Amino acid sequence: MNTVLSTPDVRHYSYAVAWSADDQEYAATVAEFPSLSWLDADQDAALAGLRTLVGEVVDDLVESGEPVPASFGERRFSGEFRLRTTPDMHRWLTIAAARQGVSLNRYVNSLLSRG
């Protein structure tokens with residue numbers, strides 16, 4: 001996990017707000033802190049409540065000298081990740097890529113971009 005030493009701007013984190021049928025309220029979540037959420041009957045209030053909570057958690061982490069997660073928007077990504085699959089799937093993908101006349105990497109990227 002990438003971390004920062006200074007206090008980040010909590011508005012830069014990756015927030016989402018969705019209706020929770022189980023709770024009958026809006027649930028705000030933040031990707032960088034998966035254990036945190038905030039429920040409210042009002043969608044905007046759910047986001048505001050979570051932003052306040054994240055700010056408090058970040059302040060506590062900074063105060064105690066613990067690492068603070070960097071926002072996904074500010075992290076640097078290499079563009080590479082490893083994927084494990086079965087030998088049969090590897091074979092199938094390699095054949096499909098060859099039929100398309102492209103590398104396996106390019107073929108898998110085209111499949112992922114359709115997602």
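The structure is a predicted model in which local features need pLDDT of at least 70 and side-chain atom pairs count only at pLDDT 80 or more, whereas totals for chains, interfaces and linings use all residues. Residues are numbered from 1 along each chain as its sequence is written, and side-chain values use heavy atoms, with hydrogens and water left out.

Helix 1 comprises residues 43-63. Its 21 residues should span 30 Å at 1.5 Å a residue, and the separation of 31 Å between its end C-alpha atoms agrees with that value; the expected span is 1.5 Å times one less than the number of residues. Accessibility is classed by relative accessible area as buried (under 20%), exposed (over 50%) or partly exposed (in between), with a 1.4 Å probe and protein chains only. The buried residues of helix 1 are A46, G49, L50, V54, G55, V58 and L61. An α-helix has 3.6 residues a turn, so residues three or four places apart point the same way. The cover over the buried residues of helix 1 includes strand 2 (15-20), strand 3 (25-30), strand 4 (37-40) and strand 5 (68-69), where contact denotes heavy atoms within 4.5 Å.

Both ends of helix 1 show local features. At its start, a side-chain oxygen of D42 comes within 3.1 Å of the backbone nitrogen of D44. Polar contacts are pairs of N or O atoms within 3.5 Å; within protein, one atom must be able to donate a hydrogen and the other to accept it, and residues adjacent in sequence count only if both atoms are side-chain atoms. The backbone nitrogen of D42 in turn lies 2.9 Å from a polar atom of the side chain of D40. E63, in helix 1, is exposed because its relative accessibility is 71%. The C-alpha atoms of E63 and T7 are 9.7 Å apart, although 56 residues separate the two along the chain. Just after helix 1, G65 adopts a positive phi of about 75 degrees.

D40 belongs to strand 4 and is partly exposed, since its relative accessibility is 23%. Residues up to four places away in sequence aside, D40 touches E25, Y26, A45 and A46. A C-alpha separation of 8.9 Å is found between D40 and Q24, which lie 16 residues apart along the chain. Q24 occupies the loop between strand 2 and strand 3 and is exposed, as its relative accessible area is 52%. Its phi is near 55 degrees, a positive value in a residue other than glycine. Most residues other than glycine have a negative phi.

In strand 2, S20 is buried because its relative accessibility is 13%. Its side chain makes a polar contact of 2.9 Å with the side chain of D23. Beyond its neighbours within four places in sequence, S20 is in contact with E25 and A27.

V30 lies in strand 3 and is buried, given a relative accessibility of 2%. Neighbours within four places in sequence aside, the contacts of V30 are Y13, S14, Y15, L36, L50 and V54; of these, L50 and V54 are among the buried residues of helix 1. The C-alpha atoms of V30 and R51, 21 residues apart along the chain, are separated by 8.8 Å. S14 is placed in the loop between strand 1 (3-4) and strand 2 and counts as partly exposed because its relative accessibility is 30%. Residues up to four places away in sequence not counted, S14 touches T29, V30, A31, E32 and F72.

The largest pocket holds about 470 Å³ of space. On a 1 Å grid over the protein atoms alone, a pocket is an open set of points where a 1.4 Å probe fits, with protein on both sides within 12 Å along at least five of seven lines, and lining residues have an atom within 4 Å of a point. Grid points are joined across faces, edges and corners, and the volume is the space filled by probe spheres set on the points. The lining comprises 15 residues, of which F81, R82, L83, N105 and V108 lie nearest the pocket centre. Helix 2 (87-100) and helix 3 (104-114) each supply at least two lining residues, and helix 3 provides the largest share, five residues. By class, the lining divides into seven nonpolar, six polar and two charged residues, where Ala, Val, Leu, Ile, Met, Phe, Trp, Tyr, Cys and Pro count as nonpolar, Asp, Glu, Lys and Arg as charged, and the others, Gly among them, as polar.

Methods: Helices (H or I, at least four residues) and strands (E, at least two) are DSSP runs, numbered from the N terminus.
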